[in-house]
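Please look over the structure shown here, and then read the briefing that follows, which is arranged by topic.

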Amino acid sequence: MPNEPNEVVIGSAPLNRGDVVTVARDRAPVTVDAVARKNVAAARGHVEALADATTPSYGVSTGFGALAVRSIPPERRADLQRSLIRSHAAGAGPAVETEVVRALMLLRLRTLATGHTGVRTSTVDTLAALVNAGITPVVPEHGSLGCSGDLAPLSAVALAMMGEGEVVTPDGVTAPAADALREAGITPVTLAEKEGLALTNGTDGMLGMLTLAAHDLARLLDVADITAAMSVEAQLGTDRVFADDLQALRPHPGQAVSARRMAEALAGSEIVASHRGPDCTRVQDAYSLRCAPQVHGAARDTLAHAEAVADRELVSAVDNPVVLADGRVESNGNFHGAPLGYVLDFLAIPVADVASIAERRTDRMLDAARSHGLPAFLAADPGVDSGHMIAQYTQAGIVSELKRLATPSSVDSIPSSAMQEDHVSMGWSAARKLRRGVDGLRTVLAVELLTAARALDLRAPLQPAPVTGAVRDLLRTRVGGPGPDRHLAPEIAAAEELIASGAVQNCVEEA
């Protein structure tokens, strides 16, 4: 049985990206430590003092957004918070993935625990209890503009904390929130002053999706280096272009990493050695082979920038207004999603381009005029069999979609709230399309893996390198070798599962 994930502690030490992944995907439990609880209680004291003051304070004793000009009497403030959540839980469309909602919940819990939001410790405990019970609020896909936080998605979570709306139970059943909370022994929260804002004014959905996408993309770039090396080997390409001294002439760190990984993957290849002599008349390989480290490396460097942004956001307290240590409650613009929206859009570009260069490598292996002796489409009997012809069509269709998904969302501000919120980030939309892009890249690499492995088999009796051969052999545990045409869709799915599970990366490390 797999080991239980370690508990993630919120408070004394900052969360890291790995914590987000383990809570979102592995359902690691969370706990709020004593330091955080002390800070939360202190901030709540400041809010309660402002609630009793005669001077209006935004979100404590006034309405919200364009309605902030109205002062709310004490006896109506619980109604104000409840109305905020109900009205803002106005999303539409299909429910977003459970892992995204769990990441969002964890990240909002993290900000609440900073002691800069003014919520009660009981409200913090309620959100932590939902996470630990595996109760996932149903969050519709559409509704966030990525400014004033992910308002509609976070409101759907707050609504569930109130015992309203719908949730998904740990066994995957959609149920009324009131029933699920009762079953789990969780008392619904009645929100007090400032708490509605504190639960909804965050960039947590954007940050959660960025963190998960960055985790997945880092692994996919490792896979891309390996499938590219297999394609270079299968097409009788050279490994000399990946030498360290050549990379040092252009010292981008990501490029050096990818070139080194490709060189290591090709070390000891009989196939590469077979055409290294003076009788080889080829001067240089096509760009899709020769320039793979430059493309993959640029993607790595873009990812590193995005990870740095995520890491800064993971130590941020995002709310409006915020409670400061001296008791001031100040309005601010830290909820604006531009820092996240930009890098979410940036990442969509290398996702599309890494997929594009992989598709080009695949196409070369299938073209008898360019594949240096491989049969057309790697078919057993070209003409009778079509081999991997249509698998490349699948790649091409996905790559075309990825290019459309690379169009940035963050340049498309649409004003809202009667022009009070007159410039928004659209970072949630950027995150949603990046998730689709990462999934598409995984499929494109799965097709390259299938095709390159078949091409390596067809180079027999020459043997591939130990690393590329090990990856080929791993694939053969799930997918047969060359032969007459067979149903390819399950083979693509099997290759994709090997990539998604981390089996390909583990195989490379062990080879």
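A residue is called buried when its relative accessible area is under 20%, exposed when that area is over 50%, and partly exposed in between (1.4 Å probe, protein chains only). This is a predicted model, in which local features need pLDDT of at least 70 and side-chain atom pairs count only at pLDDT 80 or more, while totals for chains, interfaces and linings use all residues. Residues are numbered from 1 along each chain as its sequence is written, and side-chain values use heavy atoms, with hydrogens and water left out.

**Salt bridges**

- A salt bridge is a side-chain nitrogen of Lys or Arg within 4 Å of a carboxyl oxygen of Asp or Glu, and a search of the whole structure finds 38 of these salt bridges.
- Arg37 forms a salt bridge with Asp125, with the closest N and O atoms 2.7 Å apart.
- This pair links distant parts of the chain, since Arg37 is in helix α2 (residues 34–52) and Asp125 is in helix α5 (residues 121–133), 88 residues apart; helices here are DSSP runs (H or I, at least four residues) and strands are DSSP runs (E, at least two), numbered from the N terminus.
- Asp125 counts as partly exposed at 31% relative accessibility, and Arg37 counts as partly exposed at 33%.
- Glu195 forms a salt bridge with Arg120, the closest N and O atoms being 2.8 Å apart; Glu195 is buried, with a relative accessible area of 0%, whereas Arg120 counts as partly exposed at 23%.
- Asp179 and Arg182 meet through their side chains in a salt bridge of 3.1 Å, N to O, and because they are 3 residues apart in helix α7 (residues 177–184), about one helical turn separates them.

**A buried serine**

- Ser231 lies in helix α9 (residues 204–234) and counts as buried, at 0% relative accessibility.
- The side chains of Ser231 and Glu448 are joined by a polar contact of 2.7 Å, meaning a pair of N or O atoms within 3.5 Å, where within protein one must be able to donate a hydrogen and the other to accept it, and residues adjacent in sequence count only if both atoms are side-chain atoms.

**A glycine in a loop**

- Gly11 lies in the loop between β1 (8–10) and α1 (17–26), and Gly11 is partly exposed, with a relative accessible area of 33%.
- Leaving aside neighbours within four places in sequence, Gly11 is in contact (heavy atoms within 4.5 Å) with Asp33 and Ala36.
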